[in-house]
Amino acid sequence: MAKTAVYLPLAKFQSTLLPLPRPGSTLSHLMPRARDFTKITGLRSEKEISRNFVAIVNGKSGKEPKGICPRYKIALSEDRYDLKDEKRLKVDGALYHEDDIPKDGRPRWEKQRLLIEFKRGATQYDPFHDMETTAVMTDDRKEVYGQIGDYVAHAFACQQRTALFLLLVMGTMARMTRWDHSGVIYTDAIDYVENSAALRDLIWGFTLLPLEKQGFDLTASVISTDTDDYNLMDDVALPQETDLSFDEGSPVPARATGEPAPVFAYVREMFAKSLPNDWPRWRLLVPTPAGPRTFLVGKPVFQAPGPIGRCTRGYVALDPDSKCFVWLKDTWRPNYLGVDPEGNILQALRDLGVRNIPTFVCHGDLEGQDTQSPQFFHPTKRTKRQKLTHNATIPSTAQPFVSEGAALCGVQRAQDGKIEHVESAYHDGEDIRLRHLRHYRLVVSEVCLPLQDFTCGRELLSVLRDCIRAHSDAATSEAKMLHRDISIGNILIHPTIQGEDGACRVVRRGILTDWELSKSLCDAGSEECQRQPERTGTWQFISCFSLDNPTIPMKIDDDLESFFHVLLYTGVRYLRHNCTTVSFFLTDFFDSYSYQEGKYLCGTAKRAAMTSGKIVLLATDKLVFCDKEGRRNLLNQMIKFMLSWFAGRYTLLGTERAESDEETMLLGQDDDTDVSAHSAAEKRARKVADHSAVLDLFDKALEKTWFTDDKVGDQLASTDSAERQAEAKEDTAELDDAAPAGATSAPRASRPAPDYAEDGRPTKRQATGKVPPRTSRCPRARRENPVDTFVNGNPLKSAHKDTIVADLYIQVCLNLFS
């Protein structure tokens, strides 16, 4: 939390963010009188505090018929949740405009102007109190911070906003906070019983703000039900006889001259599902050099969770002029010198002939919509007392390390397959800074299917091959561009029409999306490489080397390893194999991390597999993909070859070389064997230094005959996670009895991955004890729904709480099979 929380003295907060009328002005004479809050003194119940507080502010108490905020009222919702809210969040109260006040005691998230949360006591539940003393919060304060972070994130999700104010009332104390996607600004704690004028000034000052200053995005406008645009959206959402099947090989009828291009049925279905009756529809403006363009959207198909980060949203949008469906990405991009918007990158790559990437339509930064919290943040050196640990972080809700889009989903991820970004602070040496983000919209032509919609193992390989080809084109073209965020959420399936008129058929191909984190390949340490001072990618799929060395620029072999991790993850989750503890395996291999000397590094299981070239399950079983009859899948050979290549790379990097040298010296042998092994490692490592060997492997595999019944569905969703974990505990207990002495004393304890910040640093989730929603780009959220995005890729909390079991399982395997 310390990394994204900015203290601003009350007077500065008031004058800068909630300015009052100048003394003597006409408006200043309308200032309401400060109220008497003495009756709240001594109250111990949150409900007693909240109801008395609201009565006084709204003007329903004593001799005060009028409230302190004309045209606004506070409505409580501490006992009931919004029926549309799957999370069932019950924020204590909110300030509403008088036209929008709910009457049923439930929150109207889409209409709230200012959130209010009540707590008893003074400092016990004040998460910002720790900022004045230490960066490590108590459990009570940590829980409150996670709770209000969830409320802010949900309010952002339900509205089109650039910022949000929240008033935290703790007994007779209160703080005003302002949240944007870079961080949260907070005031001093004021005793509003002793200084009721200060509270009056904060609330009244807020009601005087125009909508834009209250945090509303004025480039988004609600579409009324009685408008032509609303009716148009209803009309185009209806199925048409000309809609095409998106199955591979489906015939495409010939079109008459001038007849509009047909729409794939899944695209129209996705658009129709985005128009529920209980969700507002929006006109979104996208600035272009020729003037703003308007697109019509409903509910986002993907929404990255969490209040902090790029917070990417993905929409199936309608162009009202052409009546065509497009994909609209709404995100907050890092605003650094030399960091190009994604639209510029896509245009450049298209011009260079890069295949299998999205087709650019338009894009633009939204003028004046930059995060403000970095303006008030003064970089400070970390003191020993302020040392950041995995207990000193802000809350997050699913998607990517830096890829929100990870984001999506874009990761970047509210959808299955996406992971999330959650924190916007980064380290510059030992300094802690906030990331400056700018609101940005991008429109591309392709509306795609998620990777998990592949039909069989062969199609999974085909889609990945197409995306590796795109990666190769970009890296070897004049641009020499490296993607740097290969993840399950950024690899999509795009049905296309191929062939001549009268003989056209549907061909499903892979598209590599979310190029916002890409950059040109350059020499390590060069000035060009230092554009963004944070780790980049999605934790689950980042290479072991990059996880252990976040300051070293990524190379082609790092991204190729990420493709391998996507293949393995997707295969274990959706294909038929012999692993009976899928959830346990995915958590240990992809979500875990090592914590050493204050740094978050690659997890033990992932590192062991990549350095040894072997993936071992419990006991002596090896991971085997097969069909119903137990016949082995070609995927086994592909994984075997690729693992050996990456193991060669890690041998050269010294991961195993130091151990070999030490053994040779102790035994008094010459180093001929070591030289021979080193040469073999060099030969294997060259296979992943560029794309040719990997593409050749995929091409040859796709020429073979594949089983068509190897996909069995989502093996995480089909089995209760608690049951899976119980099975894993039993298996581990059996191994424990047979484990060698010292089997549990690992040099680096493997733990569930921490919440990840957009800067690429892990930040454990501080919520109300609940696991983050399975919809994003961090360990749990990212695993259950791996793709927005670490910048889209920092680790989130694992799906499993029993980290001791995970430690024991990994270490026993290493001892038995090393």
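Author: Start with helix H18, residues 692-702, in this predicted model. Its buried residues are Ala693, Val694, Leu695, Leu697, Phe698, Ala701 and Leu702.

Reader: What covers the buried residues of H18?

Author: The cover includes helix H10 (457-476), helix H12 (556-574) and helix H15 (635-652).

Reader: Why is helix H3 called largely enclosed?

Author: Count its residues. Buried means under 20% relative accessible area. In H3, 17 of the 20 residues are buried, so the rest of the structure largely encloses this helix.

Reader: How do you know that the length of H3 agrees with its residue count?

Author: H3 covers residues 139-158. At 1.5 Å a residue, its 20 residues should span 28 Å. The end C-alpha atoms are 29 Å apart, so the two values agree.

Reader: What makes arginine 88 stand out in its backbone?

Author: Its phi is positive, about 55°, although arginine 88 is not a glycine. Most residues other than glycine have a negative phi. Arginine 88 sits in the loop between strand E2 (72-76) and strand E3 (93-97).

Reader: Why is arginine 88 called exposed?

Author: The cut-off for exposed is over 50%. Arginine 88 has 52% relative accessibility, so it counts as exposed.

Reader: What about asparagine 356: buried or exposed?

Author: Buried. Its relative accessible area is 13%, and the limit is under 20%. Asparagine 356 also has a positive phi, about 60°, and is not a glycine. It lies in the loop between helix H8 (342-351) and strand E16 (360-370).

Reader: Why is valine 286 called buried?

Author: Its relative accessible area is 0%, so valine 286 counts as buried. The residue belongs to strand E11 (residues 282-286).

Reader: Which residues does valine 286 touch, leaving out those up to four places away in sequence?

Author: Among them are Pro292, Phe295, Leu328, Cys362, His363 and Val443. Now take aspartate 365. It is 79 residues from valine 286 in sequence, while their C-alpha atoms are 8.0 Å apart in space.

Reader: What makes the pair arginine 51 and glutamate 78 a salt bridge?

Author: The test is a side-chain nitrogen of Lys or Arg within 4 Å of a carboxyl oxygen of Asp or Glu. Here the N to O distance is 3.8 Å. The pair passes. Arginine 51 lies in helix H2 (residues 46-58) and glutamate 78 in the loop between E2 and E3, so the bridge ties together parts that are 27 residues apart in sequence.

Reader: How accessible are arginine 51 and glutamate 78?

Author: Arginine 51 is partly exposed at 46%. Glutamate 78 is buried at 14%.

Reader: How do you know that arginine 108 and glutamate 110 qualify as a salt bridge?

Author: Their closest N and O atoms are 3.9 Å apart. The limit is 4 Å. Both partners fall between the buried and exposed cut-offs, 20% and 50%. Arginine 108 has 29% relative accessibility, and glutamate 110 has 27%. Each counts as partly exposed.

Reader: What are glutamate 516 and arginine 310, buried or exposed?

Author: Both are buried. They form a salt bridge, with the closest N and O atoms 2.9 Å apart. Shared partners join Arg310, Lys329, Glu342, Asp514 and Glu516 into one salt-bridge network.

Reader: How many salt bridges are there by this rule?

Author: The count is 36.

Note on methods:
Residues are numbered from 1 along each chain as its sequence is written. This is a predicted model: local features need pLDDT of at least 70, side-chain atom pairs count only at pLDDT 80 or more; totals for chains, interfaces and linings use all residues. Side-chain values use heavy atoms; hydrogens and water are left out. Helices (H or I, at least four residues) and strands (E, at least two) are DSSP runs, numbered from the N terminus. Buried means under 20% relative accessible area, exposed over 50%, partly exposed in between (1.4 Å probe, protein chains only). The expected span of a helix is 1.5 Å times one less than its number of residues. Contact means heavy atoms within 4.5 Å.
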